[in-house]
Amino acid sequence: MATLRELKGRIGSVASSEKITGAMKMISSAKMHKAEMSLRRLLPYRQQIETIIGNILSADAEFKSPLIEPRLVSRVGIVVFGSDDGLCGAYNVNIFKELLGKVADYRSVYGGKVEIVVYPVGAKISKAVSKLTDTNVRVELLEGVNSKTSGEGVKVFVESLQQKFLAGELDKIDILYMSFKSVSRQRPVSEQLIPVVAETFAVNGVKESCRPYIFEPDANAIFQIVLPMFLMSVMQDVFTENRASEQAARVMAMQSANDNAKKLLEQLQLEYNKLRQQSITTELLDILGGQIR
């Protein structure tokens, strides 16, 4: 049985842990709201790009781009987004499970000999995917790219993916990430990034609308300029959503840890009070016994 001193020490440790998890929850919550605000700020730019593409698609004009040309798939690249830091519950585990499912899907659709290249974004998910030993699955770590990358870093990353596709190193590029819905709700999402297909525009809200636009120099030239901008806006959104989802998962993990600490603290406090009462009762009985003698 633990002594009063030992119980008092354990109560102090648990109380400290409760304060730490509470503080970490507040920090993660602030970071999550910051990422939410970033998503809102990105929305007008993406909507404008989508509007331009919608007008081009609805125009009576021919347009083409190597970024929309489908190929016979023998090499697939998949960008997997995770976290750089821990203490976010099963966040990275759930993403890794989705990745394994995607690998199985690729082999089912494109055959067992399809080559799969995994590009992990985030230190924790990089560590997880490095353990993949499946045949024809290769992991390429990205220098200078992590879950906190933004701005120019994202632009360089998207351009490198485009170059891999245009050079024939990859026939198809997908992205896998956690879509942010709310603090308690994030769900894994897999989307085809390159080549861009009509479904991609439909999913992202691009609506065709017949308007009397005059395109200068021509619709095709504008389309080839705007399409990479569209890919950039999609990737910027994904990076930001990933950060928001990571912090939301960490908020929930810290909330769970804080609740467990409170329950343990209550149990220890109850045990401490019982042991203290027992000690006081024993001392009183000893005093009474001495007086009787």
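Which side chain meets that of Asp 174 in a salt bridge? The partner is Lys 172, with an N to O distance of 2.6 Å. The model is a predicted one, and a search of the whole structure finds 7 salt bridges.

**A network of salt bridges**

- A network of salt bridges links Arg 138, Glu 140, Lys 164 and Glu 169.
- Within this group, Arg 138 forms a salt bridge with Glu 140, and their closest N and O atoms lie 2.3 Å apart.
- Arg 138 counts as partly exposed, at 41% relative accessibility, and Glu 140 is also partly exposed, with a relative accessible area of 23%.
- Another salt bridge joins the side chains of Lys 164 and Glu 169, at 3.8 Å from N to O.
- Lys 164 has a relative accessible area of 18% and is therefore buried, because buried means under 20%.
- Glu 169, by contrast, is partly exposed, with a relative accessible area of 45%.

- Met 229 belongs to helix α6, which comprises residues 219-292.
- The relative accessible area of Met 229 is 31%, so this residue is partly exposed; patches are made of residues with over 30% relative accessible area.

Technical notes:
Residues are numbered from 1 along each chain as its sequence is written. This is a predicted model: local features need pLDDT of at least 70, side-chain atom pairs count only at pLDDT 80 or more; totals for chains, interfaces and linings use all residues. Side-chain values use heavy atoms; hydrogens and water are left out. Helices (H or I, at least four residues) and strands (E, at least two) are DSSP runs, numbered from the N terminus. Buried means under 20% relative accessible area, exposed over 50%, partly exposed in between (1.4 Å probe, protein chains only). A salt bridge is a side-chain nitrogen of Lys or Arg within 4 Å of a carboxyl oxygen of Asp or Glu.
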